[in-house]
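Hi,

Here is the structure I said I would pass on.

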Amino acid sequence: MCDDKAVIPAVKSQINQWFLANVLPFSQRKATLNPVLAKAEATPKMINVRKDGTGDFTTITDAVKAIPAGNTNRVIIYIGPGVYTEKILIERTKPFVTLYANAKAPATVQFSGTAKKFGTFDSATIVVESDYFVAANLIIKNSALRPTATEAMAGAQALALRLSGDMAALYNCKMYGYQDTFCDEKGRHFFKDCYIEGTVDFIFGSGKSLYVNTELHIIPEKWRTVITAQAKHGSNEDSGFSFVHCTISGTGKSDAYLGRAWVKMAEVVYSYTYISNAILPEAWDNHGFSPENMYFGEFQNIGPGANLSGRKYSKHLTAAEATKFMCLGYIMGSQWLLPPPSY
């Protein structure tokens with residue numbers, strides 16, 4: 001359900017005001033949080049990672065390894081500036097992990113893993129299996145070379161990030177890749193002020209995610225270009241992607257899709273979003289599934305790619321229909337979402 005005050009406003013310049021009013025710091029809302037999270041946030045711990053040796057560790061991998069299995073405290077891994085060439089796994093037994101860099105001196109994490117070597121899901125530069133994950137001011141890259149159409153069929157998919165835990169938030173993070181850049185695999189997730197680029201299915205999975213003021217940058221692909229491949233398997237599965245006040249950038253010959261159905265009941269909604277001319281007039285691909293089972297929605301989008309006259313499969317939503325996709329209730333955020341750290 002959506003409290004009227006929690007609905008994202010129609011005016012983009014009011015997003016930060018909306019966020020500050022609805023996502024209060026821990027000190028002001030201890031009693032409203034999930035009790036397990038409230039306990040973890042009460043006694044946070046800091047680990048410093050610095051490439052120059054002035055921190056607790058020189059690699060993020062070693063910092064993550066130092067967190068005990070069964071961790072019950074928020075652990076903030078404060079990452080100094082620089083490029084960290086690492087493949088990072090945050091295991092399910094290590095919840096409450098924050099990867100944080102200073103916005104004025106961001107850190108880049110990169111690795112060139114591919115599906116051919118690791119399998120698609122494990123090719124990610126960062127794999128997060130645990131709950132209550134937070135990242136802020138990070139650049140996450142899969143540095144594998146861009147695949148050709150032939151290579152893509154042979155396992156050249158290369159993820160920058162996979163999120164497989166529940167209640168995760170990313171703030172001011174950038175993800176770079178080509179095919180399958182970001183696996184939003186499962187769980188409830190929140191994104192604000194982020195950037196994600198790619199070619200084919202570059203946001204895919206069965207997550208239940210709210211993306212706010214996030215740029216989706218299309219790199220044209222000759223054989224197929226698709227932003228989302230959402231995988232909601234049935235009506236009883238709480239899954240879907242909602243994009244609010246986002247920007248779809250990239251130029252092309254109107255040959256990209258907003259999304260395709262990965263499985264039969266895919267759910268994706270774009271609201272108040274700028275859509276460039278890189279998007280095809282029909283915008284959506286049912287991928288052979290029955291159109292009545294899919295939920296592809298659009299509400300008050302703008303830009304040359306937002307014309308609804310050529311659409312085949314999307315629902316042209318009313319304000320009442322769109323509201324549930326534009327509030328924290330979509331991801332039950334009032335129970336767990338907190339602002340990013342600031343140091």
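**The cavity and its lining**

Asn 142, Ala 144, Leu 145, Pro 147, Ala 156, Gln 157, Ala 158, Gly 177, Tyr 178 and Gln 179 form the lining of the largest cavity. A cavity here is a set of points on a 1 Å grid over the protein atoms alone where a 1.4 Å probe fits but cannot get out, and lining residues have an atom within 4 Å of a point. This is a predicted model, where local features need pLDDT of at least 70 and side-chain atom pairs count only at pLDDT 80 or more, while totals for chains, interfaces and linings use all residues. Residues are numbered from 1 along each chain as its sequence is written, and side-chain values use heavy atoms, with hydrogens and water left out.

The lining splits into six nonpolar, four polar and no charged residues. (Ala, Val, Leu, Ile, Met, Phe, Trp, Tyr, Cys and Pro count as nonpolar, Asp, Glu, Lys and Arg as charged, and the others, Gly among them, as polar.) The volume is about 50 Å³, taken as the space filled by probe spheres set on the points, which are joined across faces, edges and corners. The count is one cavity of 30 Å³ or more.

Asn 137 is not a glycine, yet has a positive phi of about 65°. You'll find Asn 137 in the loop between β8 (134–136) and β9 (138–142); strands are DSSP runs (E, at least two residues), numbered from the N terminus. Asn 137 is buried, at 11% relative accessible area (buried means under 20%, with a 1.4 Å probe and protein chains only).

His 245 also has a positive phi, near 55°, and sits in the loop between β20 (240–244) and β21 (247–249). His 245 is buried too, with a relative accessible area of 3%.

Cheers

Note on methods. On a 1 Å grid over the protein atoms alone, a cavity is a set of points where a 1.4 Å probe fits but cannot get out, and a pocket is an open set with protein on both sides within 12 Å along at least five of seven lines; lining residues have an atom within 4 Å of a point. Helices (H or I, at least four residues) and strands (E, at least two) are DSSP runs, numbered from the N terminus. Buried means under 20% relative accessible area, exposed over 50%, partly exposed in between (1.4 Å probe, protein chains only).
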